[in-house]
Amino acid sequence: MAVSVGESEKYLLNRHKEHHFTAGEIVRDIIIGVSDGLTVPFALAAGLSGANASSSIILTAGIAEVAAGAISMGLGGYLAAKSESDHYYRELRREQEEIDTIPDTEAAEVAEILAEYGVEPHEYGPVVNALRKNPKAWLDFMMKFELGLDKPDPRRALQSALTIAIAYVLGGLVPLFPYMFIPVAGKAVVASVILTILALLIFGFAKGYFTGNKPVWSALQTALIGAIASAAAYGMAKAVQGL
């Protein structure tokens, strides 16, 4: 018995499993949180060590910075995601109004979009007519292909805030860890540098792996940025202290 086109397509889709990486937004938030969490407290601790502060003072200041930084970064992530959501729904209302008031113009825009993909007039004509009979699909089509906007997850803003904040805290505690156990700041800063550079290398490698960049180059680049930031803070503290 012949298999219909629809059944054949379903069979092929069921056989083929996609392996694309789809957690890009979450990974981006983790990268933002961990990279800043590792670098900023690291530079702060190094700078205070250069000013000959005690380990207890450095630890107190570091924890305060991590708490403030996590709140600030999380709030920034929330506002950014909320702004994207507000922009999407504002454009959605505008596009819906245009479909309602100037449908012929919007249909012509559909035809123009399809033509850009090499679809001939006799081929895209039925598609345009089908979309005009389905207003919701028409609106979705215009949002994706005319404006390049995807519907945001309603939980995205809160999820982004929590992900960035937690990632910042986890990253920020790494350079402060040695100061919890080594009372002499001069010795603690050496352990902090070794531990943080190692963490930056691991983090940079993972970032490169998940984002499709060269993992080794990403690891070296991330560690170099952290090292420069801490060295600058340490040197500046020493220079100010010598005035």
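The model is a predicted one, in which local features need pLDDT of at least 70 and side-chain atom pairs count only at pLDDT 80 or more, while totals for chains, interfaces and linings use all residues. Residues are numbered from 1 along each chain as its sequence is written, and side-chain values use heavy atoms, with hydrogens and water left out.

## The overall picture

Let us begin with the whole chain. It has 9 helices and 0 strands, where helices (H or I, at least four residues) and strands (E, at least two) are DSSP runs numbered from the N terminus. Of the 243 residues in the chain, 34% are buried. Here, buried means under 20% relative accessible area, exposed means over 50%, and partly exposed lies in between (1.4 Å probe, protein chains only). The chain exposes about 15000 Å², and carbon and sulfur atoms supply 66% of that area. Accessible areas come from the Shrake-Rupley method with a 1.4 Å probe, and for residues only the protein chains shown count as cover.

Contacts tell us about the fold too; a contact means heavy atoms within 4.5 Å. Among contacts between residues at least 6 apart in sequence, 73% join residues at least 24 apart.

Helix 5 covers residues 121-132, and its 12 residues should span 16 Å at 1.5 Å a residue; the end C-alpha atoms are 16 Å apart, which agrees. The expected span is 1.5 Å times one less than the number of residues.

Which residues of helix 5 are buried? They are Tyr-124, Val-128 and Leu-131. Seen down the axis of helix 5, these buried residues fall within an arc of 60°, so they line one face of the helix. That arc is taken from the directions from the helix axis to the C-beta atoms. An α-helix has 3.6 residues a turn, so residues three or four places apart point the same way. On the face of helix 5 turned away from the buried side, you will find the exposed residues His-122 and Pro-126. The cover over the buried residues of helix 5 includes helix 4 (103-116) and helix 6 (135-146).

Helix 6 also has 12 residues, and it reaches 15 Å from its first C-alpha to its last, close to the 16 Å expected. Its buried residues are Trp-138, Leu-139, Phe-141, Met-142 and Met-143. Helix 3, helix 4 and helix 5 are included in what covers them. After helix 6 comes Gly-148, which has a positive phi, near 70°.

## A buried threonine

Thr-196 lies in helix 8 (residues 185-211). With a relative accessible area of 0%, Thr-196 is buried. Leaving aside neighbours within four places in sequence, Thr-196 is in contact with Leu-38, Phe-42, Val-174 and Pro-175.

Helix 3 (55-101) and helix 7 (156-176) each supply at least two residues of the patch, and the largest share, 4 residues, comes from helix 7. Leu-75 is found in helix 3 and counts as partly exposed, at 48% relative accessibility.

## Salt bridges

A salt bridge is a side-chain nitrogen of Lys or Arg within 4 Å of a carboxyl oxygen of Asp or Glu. By this rule the count comes to 7. Three of these pairs are listed here.

| Pair | N to O distance |
|---|---|
| Lys-82 and Asp-86 | 3.1 Å |
| Arg-94 and Glu-91 | 3.1 Å |
| Arg-155 and Asp-153 | 3.4 Å |

Salt bridges that share partners also join Arg-28, Asp-29 and Arg-156 into one network.

Lys-82 and Asp-86 are 4 residues apart in helix 3, a separation of about one helical turn. Lys-82 is partly exposed at 36% relative accessibility, and Asp-86 is partly exposed at 35%. Arg-94 and Glu-91 both lie in helix 3, 3 residues apart. In this pair, Arg-94 is partly exposed at 43%, whereas Glu-91 is buried at 13%. As for the last pair in the table, Arg-155 is exposed at 61% and Asp-153 is partly exposed at 32%.
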